[in-house]
Amino acid sequence: MEPNETRGPTRRGFLNYLLGTSAVATLGAIFYPIFRFMVPPAVVEAQQNSVSAGKVNDLAINSGKIFKFGSKPGILIRTQSGEVKAFSASCTHLDCIVQYDPGSKEIICACHGGKYDLTGKNVSGPPPRPLDEFTVNVKGDDITVTKA
Amino acid sequence: MTRTESVRLWLDERLGINSAIALAQKKEVPEHRHSIWYYFGGMTLFLFIVQVTTGIMLLLYYRPSAEGAFESVQFIITEVEFGWLIRSVHSWSANLLIAALFIHMFSVFFLSAYRAPREMTWVTGVALLFICIAFGFSGYLLPWNELAFFATKVGTEISGVVPLVGRPMLRFLRGGDEVTGATLTRFFGFHVAILPAITTVILGVHLLLVQMHGMSVPPGVEGKEVKKMKFVPNFLLRDLIGWILAIGALAALAAIFPWELGHKADAFAPAPAGIKPEWYFLFMFQTLKYLPAKILFLDGEVVGIMAFGLGGLFLLLVPFLNKEPGNTRRKRVFTIIGALVVAFMVIMTIVGYVT
């Protein structure tokens, strides 16, 4: 073994250490902003707790329609008995938008064949969870939907 | 010295073209009963060039925004001269490219052409397959129609299912929490800048490695005397016939089955009935449909997606898992696995189409 290698810290070793750490720091200073730039900033949205979803008379018996709940879709359903119900319209499986099927009187998702009953419960197909149900208030003809 | 000779000398002194020509003349293609599979790499490359050319042309009119994208594609196919042709050829060629890639890959797999020293040729090839699928997925959204909207919603939601990295990855892909105009802009960037840049490098390495190692011969032929064909001009001319046939097929497909544009995307409309992804995603789509909501304590789709992820990793690592080409038993195991995978993909794709 060379006597050189057994000696303690060398000038060369120290300079290499300085050079190495500076190189890492420089690369970090270059790539960190690039990485952060690519991550989309969280957009602050006004928390909407309730929304006016339309009029009862526009919604035929045994039919459904999509309404906007902030940036997310909701589904409004008027059942055979005339009751108005509202759920989140985002399928709990993979986020497709569901629809009301008047024939089977179920909420269905066309993407992967998921089905929910009129309480929002996932009854068949791949959805792992029920749809979130919203509270519906009918005042005169106006429908107001509120997050439970 | 004649004028051509002096021009050639001038070029050779500066660019070294004589050694390039010598290299091209030296290149040979072995002739045996599996030689037909050699054409599919060249076919894939040709269709890729068609994609680059038609893609650049579409860029002249396309507008990447939620407000303008659908209308600009509509403008291309109705107003621009031969716009319908260019757009349809781009869509059809994308599909044929994926098909050629699959054939190319499976032929290399079943002939175990990935064995030493060609492991990195295989790895770069599989990387190119994943990149082409990413091209397909990002390009699919660009017309901003209903089908594309839901395909992107589902596809990006799938990435969000992956444990730990899923949610940040989903936000990175969507450019936010939902599929919006921000997603379209991002996908446009991936499709026309980032993916092409990555492809250029990996494809360059892939082609360089093919030149470096020469054509692989199947294990059954290895070591025997085989006839060889000159690459220039014999094999190249045969390649050319294939490419001309491909152009004919693309023109015919574009004219007889023009690519549909459909309805403009609406973030507040239910998914249309009978919605299906592109055929090369169909086997995964169909599998996800069959998985129950819960498998043990995990959501069904998490299990499915992790399984497909592991499948992709397995594919990438094939040359390192099957290291002994002489071991016929091991080779048989890999052939059986490959055959089962192909059978699964074909059956699920057909079921997906029929149901």
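How many residues does the contact take from chain B, and how many from chain A? Chain B gives 27 residues and chain A gives 24. Keep in mind that this is a predicted model. The predictor gives the complex an ipTM of 0.77 and a pTM of 0.89.

**Stop 1: the side of chain B that touches chain A**

Select chain B. Its pLDDT averages 92, and 99% of the residues score at least 70. Now colour four helices of this chain: α7 (146-161), α8 (166-174), α11 (279-290) and α12 (300-321). Each supplies at least two residues of the side that touches chain A.

**Stop 2**

Move to chain A and show its strands. Look for an open sheet of six strands, in the order β1-β10-β9-β4-β3-β2, with antiparallel pairing. Which strands are at the edges? They are β1 (50-55) and β2 (63-69), and each pairs on one side only. Look along the sheet next: neighbouring strands are turned by 30° against each other on average, ignoring direction.

Zoom in on β9 (residues 133-139) and β10 (residues 142-147) of chain A. These two run antiparallel, joined by six bridges. Select A:Phe134, then look across to A:Lys147 in β10(A), which stands opposite.

**Stop 3: strand β3 and its two partners**

Select β3 (residues 72-78) of chain A. Is this strand largely enclosed or open? Six of its seven residues are buried, so the rest of the structure largely encloses it.

Go to one partner, β2(A). The pairing with β3(A) is antiparallel and spans seven bridges. Find A:Lys68, with A:Pro73 of β3(A) opposite. The hairpin of β2(A) and β3(A) has two residues between the strands. Click A:Gly70 in this hairpin to see a positive phi near 65°.

Now go to the other partner named here, β4 (residues 84-88) of chain A. Five bridges join it to β3(A), and the two run antiparallel. A:Gly74 faces this strand, standing opposite A:Ser88. Five residues lie between β3(A) and β4(A) in their hairpin. Select A:Gly82 in the turn, where phi is positive, about 95°.

**Stop 4: the cores**

Select A:Ile75. Leaving aside neighbours within four places in sequence, its contacts are A:Gly64, A:Ile66, A:Ala86, A:Phe87, A:Ala89, A:Val98, A:Tyr100 and A:Ile107.

Widen the view to the largest nonpolar core, which has 81 residues. A:Ile75, A:Cys96, A:Cys111 and B:Leu97 touch the most other members. Which helix gives the most to this core? Select α5 (residues 83-110) of chain B, which contributes 12 residues. Then find a second, separate core of five residues. Among them are B:Phe281, B:Met284, B:Phe285 and B:Leu288.

**Stop 5: B:Phe110**

Return to helix α5 of chain B and pick B:Phe110. Why does this residue count as partly exposed? B:Phe110 has 17 other C-beta atoms within 10 Å, because the partly exposed class falls between 12 or fewer for exposed and 20 or more for buried.

Apart from neighbours within four places in sequence, B:Thr335 and B:Gly338 are in contact with it. Finish by selecting B:Lys331. B:Phe110 and B:Lys331 are 221 residues apart in sequence, yet 9.0 Å apart in space, C-alpha to C-alpha.

Notes: Residues numbered from 1 in each chain as written. Chains lettered and ligands numbered in written order. Predicted model: local features only at pLDDT ≥ 70, side-chain atom pairs only at ≥ 80, totals over all residues. Core = buried A, V, L, I, M, F, W, Y, C linked by C-beta atoms within 7 Å. Contact = placed C-beta atoms within 7 Å. Pairing = 2+ DSSP bridges. Axes fitted to C-alpha atoms, helices over the stretch in contact; angles between N-to-C directions. pLDDT = per-residue confidence, 0-100.
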